[in-house]
Amino acid sequence: EDTAAKTECCQDLHILPYEPFAKLNGKILTRSRDLIIFETEDAYVYLPTKSNYIYEMHVTKDARYAYLYADMHTENAVLLDELFHIIRFAFLMAAQQHNLLIVHSASILYHDKAYLFSGHSGAGKSTHTNLWFKQYKTPLLNGDLNMLGICNNKVICYGLPWCGTSNVCTSESHAFGSITFLFQATENKVRKLSFDEAVLQLTKRCINPNQTEQQLQKNLSLAAEICKLRPSYELYCTKDKKAVEIMRDAINHED
């Protein structure tokens with residue numbers, strides 16, 4: 001199943017060691033301190049505003065081709081880091097085109113399935129997954145990003161090389177167990193989400209492109225397909241082992 005997914009999901013990335021000959025114009029979709037994304041008739045253009053070496057990147061709307069313009073004259077750690085991060089945007093477009101959802105979450109391996117824990121920054125993803133590891137020796141799969149897709153009517157969690165600041169990642173793929181959305185609280189309480197609640201929460205936590213209405217609808221559809229097949233929870237939790245115990249009980253009961 002993994003081989004089929006890898007064969008189908010392909011993208012040609014061309015790194016061009018010079019500035020583009022012509023500056024394109026288009027409709028601005030998003031603008032931040034670090035990045036501007038705009039749309040032309042045939043492509044999306046990414047303009048990093050604080051990069052030392054990256055000029056811009058063009059990704060065709062079908063995500064089949066990406067053209068990255070960069071100053072490649074001096075190879076160093078800063079250049080490699082900037083390349084690694086800008087390429088992720090091209091990859092996210094390709095993943096979306098091939099029905100894969102990238103979720104901001106930490107994950108563990110429990111009973112041969114990947115279990116994801118998601119929440120806003122500071123919600124306790126790392127704390128919670130580390131508690132699982134300390135109590136039950138569950139391997140940590142990824143500390144920041146996980147990719148979900150459906151193969152043979154089963155949800156798979158595929159490995160990724162990106163891991164944020166956690167430095168925890170794996171190239172391995174596993175069957176998907178569930179996703180839990182974390183909220184800090186003074187007592188521990190877990191609740192299984194309804195289908196509509198699960199779809200909304202999962203869409204909010206995915207980092208797939210969502211600058212256009214079509215992209216957002218694609219994300220909602222992908223989240224709905226996943227939530228039809230596997231459960232989702234919300235966990236109001238403390239930072240102690242009781243939070244893991246109550247969560248494990250819910251997972252064991254579901255399986």
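## Burial and T40

A residue counts as buried when its relative accessible area is under 20%. In this predicted model, T40 has a relative accessible area of 16%, so T40 is buried.

T40 lies in the loop between strand 3 and strand 4. Apart from neighbours within four places in sequence, T40 has contacts with L24, N25, V45 and K61. L182 is 142 residues away from T40 along the chain, and 38 Å separate the C-alpha atoms of the two.

## Confidence

Mean pLDDT for the chain is 92, with 96% of the residues at 70 or more. Residues 1-7 stay under 50 in pLDDT, and the model gives this stretch seven contacts beyond four places in sequence. Where pLDDT is low, the predicted coordinates should not be read in detail.

Six strands make up an open sheet, ordered 1-6-5-4-3-2, with mixed pairing. The edges are taken by strand 1 (12-16) and strand 2 (27-31); each has a single partner strand, so one side of each has no neighbour in the sheet. On average, neighbouring strands of the sheet are turned by 20° against each other, direction ignored.

Strands of a sheet pair through backbone hydrogen bonds, either parallel or antiparallel. Strand 1 and strand 6 (residues 65-70) run parallel and are joined by five bridges. L16 has Y69 in strand 6 as its bridge partner.

Helix 2 (residues 77-97) packs on the sheet, where it touches strand 1, strand 3, strand 4, strand 5 and strand 6. The direction of helix 2 makes about 15° with that of strand 5.

## Strand 4 and its neighbours

Strand 4 (residues 43-48) has five of its six residues buried, so this strand is largely enclosed by the rest of the structure. On one side, strand 4 runs antiparallel to strand 3 (residues 35-39), and five bridges join the two. These two strands form a hairpin with three residues between them. The loop between strand 3 and strand 4 is where T40 is placed.

Strand 4 also runs antiparallel to strand 5 (residues 54-60), to which four bridges join it.

Technical notes. Residues are numbered from 1 along each chain as its sequence is written. This is a predicted model: local features need pLDDT of at least 70, side-chain atom pairs count only at pLDDT 80 or more; totals for chains, interfaces and linings use all residues. Side-chain values use heavy atoms; hydrogens and water are left out. Buried means under 20% relative accessible area, exposed over 50%, partly exposed in between (1.4 Å probe, protein chains only). Two strands pair if DSSP finds at least two bridges between them. pLDDT is the predictor's confidence in each residue, from 0 to 100. Contact means heavy atoms within 4.5 Å. Axes are lines fitted to C-alpha atoms, for helices over the stretch in contact, and angles run from 0 to 180 degrees between N-to-C directions.
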